[in-house]
Amino acid sequence: MAEPHPLARRAWELSYLDPLAARDLGRQLADGGGDDAAHGWLHMALAEVRTGDDALAQAALARAHDAYTQLGDALGLALCDEVLAIHLRRIHDHAASAALQAEID
């Protein structure tokens, strides 16, 4: 596995401390394209799911999922499922969130 891009590492560090800053770093990664774009879309989705616009979150999550699928990145796909589980909790679909979390675990 390749060493994560420095922006991706920083986005992880900020993901719960400053989700908007993590989102902005994610946007930079996504805009840069290549393999790192998947991480960027994931960070954008996580920030939006937690603090922002649901439609933007779902669009970013779909882009992250597609990118990780193309990369064959099972960890990335599992992280997409984690973000989806957070989304399900936020919309009060606790049963679906718990079922997905059990699948992930």
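## How helices pack and charges pair

In this predicted model, Leu-42, Ala-45, Leu-46, Val-49, Arg-50 and Thr-51 of H3 are in contact with Leu-79, Cys-80, Val-83, Ile-86, His-87 and Arg-90 of H5, where contact means heavy atoms within 4.5 Å, and where helices are DSSP runs of H or I with at least four residues, numbered from the N terminus. Residues are numbered from 1 along each chain as its sequence is written, and side-chain values use heavy atoms, with hydrogens and water left out. Because the model is predicted, local features need pLDDT of at least 70 and side-chain atom pairs count only at pLDDT 80 or more, while totals for chains, interfaces and linings use all residues.

**H3 against H5**

- By class, the contact of H3 with H5 has 8 nonpolar, 2 polar and 2 charged residues, where Ala, Val, Leu, Ile, Met, Phe, Trp, Tyr, Cys and Pro count as nonpolar, Asp, Glu, Lys and Arg as charged, and the others, Gly among them, as polar.
- H3 and helix H5, which covers residues 74-90, pack at an angle of about 15 degrees with their axes 9 Å apart; the axes are lines fitted to C-alpha atoms, for helices over the stretch in contact, and angles run from 0 to 180 degrees between N-to-C directions.
- That angle makes H3 roughly parallel to H5, since angles under 35 degrees count as roughly parallel, over 145 as roughly antiparallel, 65 to 115 as roughly perpendicular and the rest as oblique.
- H3 passes H5 in a left-handed crossing, a term used if the near helix is turned anticlockwise from the far one by less than a right angle, with right-handed used if clockwise.

**H1 against H2**

- H1 and H2 pack at an angle of about 160 degrees, and their axes lie 8 Å apart.
- With that angle, H1 is roughly antiparallel to H2, and H1 passes H2 in a left-handed crossing.
- On the H1 side the contact is made by Leu-7, Ala-8, Arg-10, Ala-11 and Leu-14, and on the H2 side by Pro-19, Ala-21, Ala-22, Leu-25, Gln-28 and Leu-29.
- The residues of this contact of H1 with H2 divide into 9 nonpolar, 1 polar and 1 charged.

**Salt bridges**

- Side chains of opposite charge can pair when their charged atoms come close.
- The count comes to 4 salt bridges, each being a side-chain nitrogen of Lys or Arg within 4 Å of a carboxyl oxygen of Asp or Glu.
- Arg-10 and Glu-13 meet through their side chains in a salt bridge of 2.9 Å, N to O, and, being 3 residues apart in helix H1 (residues 6-14), they are separated by about one helical turn.
- Arg-10, at 41% relative accessibility, counts as partly exposed, and so does Glu-13 at 46%, where buried means under 20% relative accessible area, exposed over 50% and partly exposed in between, with a 1.4 Å probe and protein chains only.
- Arg-23 forms a salt bridge with Glu-48, their closest N and O atoms being 3.6 Å apart; Arg-23 lies in helix H2 and Glu-48 in helix H3 (residues 36-51), so the pair ties together parts that are 25 residues apart in sequence.
- Glu-48 counts as buried, at 9% relative accessibility.
- Asp-24 and Arg-27 meet in a salt bridge of 3.4 Å, N to O, and both lie in helix H2, 3 residues apart.
- Arg-23, Asp-24, Arg-27 and Glu-48 are linked in a network of salt bridges.

Conventions:
Helices (H or I, at least four residues) and strands (E, at least two) are DSSP runs, numbered from the N terminus.
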